Amino acid sequence: DGDNYKELFGALDNAFLVAYAIGMFISGIFGERLPLRYYLTGGMVLSGLFTALFGLGYFWDIHVLWYFIIVQVCNGLVQTTGWPAVVACVGNWFGKGKRGLIMGIWNSHTSVGNILGSLIAGAWVSSAWGLSFIVPGIIIAAVGIVCFFFLVEYPEDVGCSPPLHHDAGGVTSNEKDPEGVTSNEGPLSISGQSSTDRSDSPKEPVEEPEAISFLGALRIPGVVEFSLCLLFAKLVSYTFLYWLPLYIVNVAHFSAKEAGDLSTLFDVGGILGGIFAGLISDYTGGRATTCCVMLVVAAPMLFLYNHVGQNGIGTSIAMLIVCGALVNGPYALITTAVSADLGTHESLKGNAKALSTVTAIIDGTGSVGAALGPLLAGLISPTGWNNVFYMLIAADVLACLLLARVVVKEVRGWCGCIARKRGYVRT
């Protein structure tokens, strides 16, 4: 109830986001060396504990800012156990062929979680806001216990065959992935090793090669480019996540509740965008090109939303869904299918103990953008909302430019595939 409440909220948000960004770089290293089931369960239970402790501050009548900041920092650190672990688990189960589509559908849980989290928290925000934290904390801890008893890390643990992380070549491979015929083209290039070679990989996780180092993961082709791209893509996404309701209230003059309901449409668009990006990238074999095209289209759509997006409820709904799809589509693809592809890259020579580390590097770099975006929006917004959108458009363009080298290699792979097909026809 103080005049500086915006600054206090900003301090809490940044305490969490900065701790999350820093902790993510460390989390993946532990994720490769510990059983994922134990690691994920521990992180979920601790996340529930610290989230509940934040809410208990209401019932314990705590009014010391440092208590909430410390809880937020701890919460940010323990929540870094989640993303590298879950991407690694899903990556262990699904091979490259339909990974984009499968992970695009699976990744919709992030948007569903945002929507449910808002609804659950909103149920008590006006009566006893402490419950807005305690109830979600109980939920995530309970689901963590469920994961402990039922999560299966590897297909081999239940007698299933491991997935093929690289295409074996041949007609089907060449049609689905243009880079399959040129194994050295692009960061997501396909190995030409035979199925016999792949079958020699160990089935027991304990027998796999030693986990990759942090620097070793950085040397995987494409990791640096996609990490920096995600920094700017996540900057845009999290700026919308934190500032969209306030923008709708100030510009469209909707009530706070209407603005909150409308802002969830951005996440609905994110679900559609993630699935669409995964499907297209599976069909074309071009993860980077798919991201780049969506980012290029997102820039003018953001400009249009700022200028005409508030001209009526119908226009606002349509523009929010489209912008959500274009902004969150590349973000979803990079943090899921691309991370899994790079974590099982052919340069690792069958060593699958890189999924968590690669995922953590990519998402950790992106989390730096997640922390910067809302902060920059808070600094720029007093000068006008137009300037905030110019900042978001510039971030989209930079994200696209950072993938330029990868896109060029993917296009070269496609050109090589077309040339070879023409050669086969002439023969």
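Which backbone oxygen does the side chain of T239 reach? In this predicted model, residues are numbered from 1 along each chain as its sequence is written, and local features need pLDDT of at least 70, side-chain atom pairs count only at pLDDT 80 or more, and totals for chains, interfaces and linings use all residues. Side-chain values use heavy atoms, with hydrogens and water left out.

The side chain of T239 reaches the backbone oxygen of G373, at 3.4 Å. A polar contact is a pair of N or O atoms within 3.5 Å; within protein, one must be able to donate a hydrogen and the other to accept it, and residues adjacent in sequence count only if both atoms are side-chain atoms. T239 is found in helix α11. Helices (H or I, at least four residues) and strands (E, at least two) are DSSP runs, numbered from the N terminus. T239 counts as buried because its relative accessible area is 3%. Buried means under 20% relative accessible area, exposed over 50%, and partly exposed in between (1.4 Å probe, protein chains only). Leaving aside residues up to four places away in sequence, T239 touches L244, G373, P374, A377 and L392. Contact here means heavy atoms within 4.5 Å.

The protein chain has 17 helices and 0 strands. Of its 427 residues, 51% are buried. Contacts between residues at least 6 apart in sequence were also sorted by separation: 81% of them join residues at least 24 apart. The accessible surface of the chain comes to about 19,400 Å². Carbon and sulfur atoms account for 69% of that surface. Accessible areas come from the Shrake-Rupley method with a 1.4 Å probe; for residues, only the protein chains shown count as cover.

The largest nonpolar core holds 79 residues. A nonpolar core is a set of buried Ala, Val, Leu, Ile, Met, Phe, Trp, Tyr and Cys residues joined through side-chain atoms within 4.5 Å. F240, I248, L302, Y305 and L392 touch the most other members. Helix α11 gives the most to this core, with 13 residues. A second, separate core has 8 residues, including F50, F54, F68 and I69. In soluble globular proteins, nonpolar side chains tend to be buried together. Beyond four places in sequence, the contacts of Y305 include F240, L244, Y247 and I248. Among its other partners are M319, L320, C323 and F389.

Y331 is found in helix α14. Y331 is buried, as its relative accessible area is 17%. Y331 touches L230, K234, S237 and Y238, not counting residues up to four places away in sequence. Y331 and G270 are 61 residues apart in sequence, with 9.1 Å between their C-alpha atoms.

The structure holds 5 salt bridges. A salt bridge is a side-chain nitrogen of Lys or Arg within 4 Å of a carboxyl oxygen of Asp or Glu. Side chains of opposite charge can pair when their charged atoms come close. R99, D282, R287 and D341 are linked in a network of such bridges. R287 meets D282 at 2.9 Å, N to O. R287 also meets D341, at 2.7 Å. R287 lies in helix α13 (residues 287–308) and D341 in helix α14 (residues 313–343), so this pair ties together parts 54 residues apart in sequence. R287 counts as buried because its relative accessibility is 2%. D341 is buried too, at 6%. D282 is likewise buried.

R405 and E225 form another salt bridge, at 2.2 Å, N to O. This pair links distant parts of the chain, 180 residues apart: R405 is in helix α17 (residues 404–426) and E225 in helix α11 (residues 223–252). R405 is partly exposed, at 39% relative accessibility, whereas E225 is buried, at 15%.

On the surface, V18, I22, I26, F30 and L34 form a nonpolar patch with about 450 Å² of accessible area together. Patches are made of residues with over 30% relative accessible area and no salt bridge: like charges are joined within 9 Å, nonpolar side chains (Val, Leu, Ile, Met, Phe, Trp, Tyr) within 5 Å. I26 lies in helix α1 (residues 5–33). I26 counts as partly exposed because its relative accessibility is 44%.

D61 has a positive phi of about 60° although it is not a glycine. Most residues other than glycine have a negative phi. D61 sits in the loop between α2 (36–59) and α3 (65–79). With a relative accessible area of 54%, D61 is exposed.
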